[in-house]
Amino acid sequence: MESSSIPSQFNVQSPMTTGTGRNPGWVLPRYVHIRNCPSKNRYLPTRLCLATANGGFRQESQGVGDRDGVIIVDHGSRRKESNLMLNEFVAMFRDKTGYLIVEPAHMELAEPSIRDAFSSCVQRGANRVIVSPFFLFPGRHWHQDIPSLTAEAAKEHPGVSYIITAPLGLHDLLVDVVIDRINNCLSHIAGNVDECSVCAGTGKCRQYD
């Protein structure tokens, strides 16, 4: 990634790549720091944490605190149903974690934006904002777009630091999610269960002969 694409308020660190036996084929942004967290996953650390902050580089975070705001950000869609699904996930996430400040955001095409969600977190008392990309793999949006949009949002709130975490990546638990989806769809076409919430009303969960 060219240095010109890095927001000016980030202190540039040396380039880092994943060091696994099977190269996943991507390079981490140069302006982030990887925490050395133990992991059983040979592809990615399960607690990968990318930390940046207004005006400088910070190494912090031993867990989400009462003054932390969490933003779950997806791409955003022109389909209202897709955007509402993020709201449902955020509600599930908030209920399961008990975190006090959790906001949804869409990178583009829909509201609330990252800027709006960042402001909401600060208004609710956050002095640090944790932006968690609801993306599967680290592409251009994670490398460039989300850091840029978050940096712009943070300019309006001096003294509030922020962190951009890794996307979902090759996490072991995603295997369980995929297996569950496959089994549910097979059970549906066999007539044993209703469509899941994702397929409901679309008629797409069927066998094509």
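Reply:
**The loop and its surroundings**

S113 is found in the loop between β5 and α2, where helices (H or I, at least four residues) and strands (E, at least two) are DSSP runs, numbered from the N terminus. The model is a predicted one, in which local features need pLDDT of at least 70 and side-chain atom pairs count only at pLDDT 80 or more, while totals for chains, interfaces and linings use all residues. Residues are numbered from 1 along each chain as its sequence is written, and side-chain values use heavy atoms, with hydrogens and water left out.

With a relative accessibility of 17%, S113 counts as buried; the term means under 20% relative accessible area, with exposed meaning over 50% and partly exposed in between (1.4 Å probe, protein chains only). A polar atom of the S113 side chain lies 3.1 Å from the backbone nitrogen of D116. For reference, a polar contact is a pair of N or O atoms within 3.5 Å; within protein, one must be able to donate a hydrogen and the other to accept it, and residues adjacent in sequence count only if both atoms are side-chain atoms. Leaving aside neighbours within four places in sequence, S113 is in contact (heavy atoms within 4.5 Å) with A105 and H106.

P112 lies between β5 and α2, and the peptide bond that joins E111 to P112 is cis, with omega near 5 degrees. L109 is found in this loop as well; its phi is near 75 degrees, a positive value in a residue other than glycine. L109 has a relative accessible area of 45% and is partly exposed.

I146 touches V73, M107, I114, V131, P133, F135, H141 and I164, residues up to four places away in sequence not being counted.

R124 is found between α2 and β6 and is partly exposed, at 41% relative accessibility. Beyond residues up to four places away in sequence, R124 touches L100, I101, V102 and E103. A polar atom of the R124 side chain lies 2.7 Å from the backbone oxygen of L100. R124 and V102 are 22 residues apart along the chain, and their C-alpha atoms are separated by 9.8 Å.

Aromatic pairs number four in the whole structure. Rings of Phe, Tyr and Trp (its six-membered ring) pair if their centres lie within 6.5 Å; planes under 30 degrees apart count as stacked, over 60 as edge-to-face and the rest as tilted. The rings of F89 and F134 are stacked, because their centres are 4.4 Å apart and their planes stand at 25 degrees. This pair links distant parts of the chain, with F89 in helix α1 (residues 80–97) and F134 in the loop between β6 and α3, 45 residues apart. F93 and Y99 form an edge-to-face pair, at 5.7 Å centre to centre and 65 degrees between the planes. F89, F93, Y99 and F134 form one aromatic cluster. Each is partly exposed, with relative accessibility of 26% for F89, 34% for F134, 22% for F93 and 28% for Y99.

As to the chain overall, four helices and seven strands follow the order β-β-β-β-α-β-α-β-α-β-α along the sequence. Of the 209 residues, 38% are buried. Among contacts between residues at least 6 apart in sequence, 64% join residues at least 24 apart.
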